[in-house]
Amino acid sequence: MEHTTEEKTAILVAYAERLQQYTGRSLQLNAGDLAALAEIMVLRSYRRRSDMIRKGEQEQYLHFIVKGLVRQFYSDGNKDVTIHFAREGHLISSFVSFFSGTPSGCQLETLEPTITLALPRSKLEQLFPYSSRINRMARLILSELILQLEHRELNHLRYSIRERFLMFIDNNPELFHRVPHKYQASYLDIKPETYSRLKAQLARRVSAIHGQ
């Protein structure tokens, strides 16, 4: 399966719109920028439960997910801590590693068969001197990452376990059905048995949220 330049451009435009909604700032990419980015995007395919990147490796790609689901996590002692889920239309990478050129401190694992259109680090860097707008795109991607992490940390401090559980299933109905519950528990920073107990206690609320 190969994507045309028009299809690649449409993916970039859709992401730019989503990023603007999240950060409140526009990428301001022009037609030339979009064409240059589309030209270097490469198709990459992964089987379910594949490692897109392992801890200690250097990230080489920014992945726009065309199809599939990816979990981002790091190891904390004897347990894995999930920090992000990315699905169709989202961008995923070990961002700090990609932009700094340092080894990754996290891992990316596919939870479903996944197809991405990826921007290679080496080729993207070649575009930076020629477009201030592409440089700005890189800064906004990092801004989105910071906002996501801050939002997650504030939620952990501000809300109870029960509230975080309900917010997750309310805001992410698709992920609730697609992501194994043990990884949802990891993301919410609760034990799997606590997650199961809340799911049982709040079964009616869960059904109501999902229109069942």
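**Exercise 1. Find which element gives the most to the lining of the second largest pocket, and describe that pocket.**

Solution. Step 1: helix H8 contributes most to this lining, with four residues. The model is a predicted one.
Step 2: look at the other contributors. E5, H8 and helix H9 (192-201) each provide at least two lining residues.
Step 3: take the volume, which is about 250 Å³ for the second largest pocket. Its lining has 14 residues, and those closest to its centre are Lys79, Asp80, Ala185, Ser186 and Ile190.
Step 4: sort the lining by class. The second largest pocket is lined by six nonpolar, two polar and six charged residues.

**Exercise 2. State how much space lies in the largest pocket and which residues are closest to its centre.**

Solution. Step 1: the space in the largest pocket comes to about 570 Å³.
Step 2: 20 residues line the largest pocket, with Tyr22, His84, His151, Asn172 and Tyr187 closest to its centre.
Step 3: assign the lining to elements. Two or more residues each come from helix H1 (5-23), strand E5 (79-87), helix H5 (132-158), helix H6 (161-171) and helix H8 (181-188). The largest share is that of H5, with five residues.
Step 4: by class, the lining of the largest pocket holds eight nonpolar, eight polar and four charged residues.

**Exercise 3. Determine how strand E4 pairs with E5 and with E7.**

Solution. Step 1: strand E4 (residues 69-76) pairs with E5 through eight bridges, in the antiparallel sense. Within this pairing, Ser75 has Asp80 in E5 as its bridge partner.
Step 2: examine the link. E4 and E5 make a hairpin with two residues between them, and Gly77 in the turn has a positive phi of about 70°.
Step 3: turn to strand E7 (residues 107-110). E4 and E7 run antiparallel and are joined by four bridges; Val70 has Thr110 in E7 as its bridge partner.

**Exercise 4. Identify the residues that touch the most other members of the largest nonpolar core, and trace the contacts of Leu119.**

Solution. Step 1: the largest nonpolar core has 25 residues, and Leu37, Leu62, Leu119, Leu124 and Met137 touch the most other members.
Step 2: at least two residues of this core come from each of H1, helix H2 (31-40), strand E3 (61-67), helix H3 (95-100), strand E8 (114-120), helix H4 (121-127) and H5. H5 has the largest share, five residues.
Step 3: set aside neighbours within four places in sequence. Leu119 then contacts Leu37, Ile40, Met41, Gln60, Tyr61, Leu62, Phe64, Phe98 and Met137.
Step 4: another core, of 17 residues, lies apart from the largest one; its members include Phe85, Phe168, Ile169 and Val179.

Conventions. Residues are numbered from 1 along each chain as its sequence is written. This is a predicted model: local features need pLDDT of at least 70, side-chain atom pairs count only at pLDDT 80 or more; totals for chains, interfaces and linings use all residues. Side-chain values use heavy atoms; hydrogens and water are left out. On a 1 Å grid over the protein atoms alone, a cavity is a set of points where a 1.4 Å probe fits but cannot get out, and a pocket is an open set with protein on both sides within 12 Å along at least five of seven lines; lining residues have an atom within 4 Å of a point. Grid points are joined across faces, edges and corners, and a volume is the space filled by probe spheres set on the points. Ala, Val, Leu, Ile, Met, Phe, Trp, Tyr, Cys and Pro count as nonpolar, Asp, Glu, Lys and Arg as charged, and the others, Gly among them, as polar. Two strands pair if DSSP finds at least two bridges between them. A nonpolar core is a set of buried Ala, Val, Leu, Ile, Met, Phe, Trp, Tyr and Cys residues joined through side-chain atoms within 4.5 Å. Buried means under 20% relative accessible area, exposed over 50%, partly exposed in between (1.4 Å probe, protein chains only). Contact means heavy atoms within 4.5 Å.
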